[in-house]
Amino acid sequence: MSTTDEDLRFMAAAIRLARRNLGRTGTNPSVGCLIVRDGMVVGRGVTALGGRPHAEPVALAEAGDLAKGATAYVTLEPCAHHGATPPCARTLITAGIARVVTAVVDPDERVNSKGHAMLRAAGVAVETGLLEAEARRGLAAYLVHKSLRRPFVTLKLAVSPDGLLGLRGERQVAITAAEARAQVHLMRAEHHAILIGAGTAIEDDPELTCRLAGLEDQSRLRIVLDANSRLHAGLKLVATARDVPLLVAGPANPALADSGAEFLACEFDEGRIALPELLEDLGARGIQSVMVEGGARVAAAFLEAGLVDRIALFVGARPVGAGIDPARHVTSPIAPDARPQGFVLTATEAFGEDRLFIHDRA
């Protein structure tokens, strides 16, 4: 593939555009598309909320007649199958697009290079694989769900410099400041579901909602692992179950009968919920991404099972365990300065004094 600096620049912009609706496009991936003519962007599109319309027709509608003879930069191969709308590959052809540059081949068996073949058969120049690694990070949930039939799992940990997640008996301990906590709320909006264990639900009593201004309606499915029916009606998660969905993984709990919570029957392994089978069940429901927020035992269990695809490690600026009985320390399964085995550091961000390290599975 012969690419230019201009190609790289426009594909990078399309990848950034795709993040705009990440986690908000149903079972469809959030795809970015730019229509470029004579070095100028004449059309922009991102998969719409709920998944329709796709990015390509949105960008083409903005470009209008300027699309004829232009280049389309698309983060994922244009679809080739008829659904509620015509295939995006056919829409690009009809609009007179002369060249299509894509980042990632769509693994969906209805597409999987068929979109590229349709374009080439119509005389459209096609180049693939541009900035593929970068685009795959944004498409990771869709790609993992399509290939493994389970959700993409992000493990989020907030760790103090002395390696603690919190202190027993203290409810929620502030490891990071407001800027980093706002980023966690954005991450919640970008995932299909948030998962914790019953211990964290009882001790910390979290809501697990998105409380960023303008994104309050993007609160996601809350999932609690509750193998021993420990949840009770006084918890915030339970009290808000009719407003924001709550899925309890474990046996039906009579104490929650009128709460609006849904129960998911699970397989067990040595008295604990079998995580691989749980993820298969969630994947069958169309849940493509899960953010695991705690606690320490749940985090360690996902790591030990090899089910974590991405680690979002927030490291706070101040120790929290000084002068506290070590028996009350809740130790992180990953040290603040660790490079987890089998993972690669792909991004580092600063939020005030706090730091975020993103590790993706190699």
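Tutor: A polar contact is a pair of N or O atoms within 3.5 Å; within protein, one must be able to donate a hydrogen and the other to accept it, and residues adjacent in sequence count only if both atoms are side-chain atoms. This is a predicted model, in which local features need pLDDT of at least 70, side-chain atom pairs count only at pLDDT 80 or more, and totals for chains, interfaces and linings use all residues. Residues are numbered from 1 along each chain as its sequence is written, and side-chain values use heavy atoms, with hydrogens and water left out.

Student: What makes the pair Arg150 and Asp309 a polar contact?

Tutor: Their side chains are joined at 2.9 Å, and the limit is 3.5 Å.

Student: Why is Arg150 called buried?

Tutor: Buried means under 20% relative accessible area, exposed over 50%, and partly exposed in between (1.4 Å probe, protein chains only). Arg150 has 10% relative accessibility, so Arg150 counts as buried.

Student: Where is Arg150 found?

Tutor: Arg150 is in the loop between helix H6 (140-148) and strand S6 (152-159). Helices (H or I, at least four residues) and strands (E, at least two) are DSSP runs, numbered from the N terminus.

Student: Which residues is Arg150 in contact with, leaving aside neighbours within four places in sequence?

Tutor: Contact means heavy atoms within 4.5 Å. The partners of Arg150 include Leu279, Gly283 and Leu307, as well as Asp309.

Student: How do you know that Cys88 is in no disulfide?

Tutor: A disulfide is a pair of cysteine sulfur atoms within 2.5 Å, and by this rule the count comes to 0 disulfides. For Cys88, the nearest cysteine sulfur, that of Cys79, is 3.6 Å away. Cys88 has 2% relative accessibility, so Cys88 counts as buried.

Student: Why is Cys210 called buried?

Tutor: Cys210 has a relative accessible area of 2%, and is therefore buried.

Student: Which residues of helix H11 (residues 296-304) are buried?

Tutor: Val298, Ala299, Ala301 and Phe302 are buried in H11.

Student: Why are they said to be on the same side of H11?

Tutor: They are on the same side because they cover an arc of only 160 degrees around the axis. The arc is that of the directions from the helix axis to the C-beta atoms. On the other side of H11, Arg297 and Glu304 are exposed.

Student: What do the buried residues of H11 pack against?

Tutor: They pack against several elements, among them S6, strand S8 (193-197) and helix H10 (275-284).
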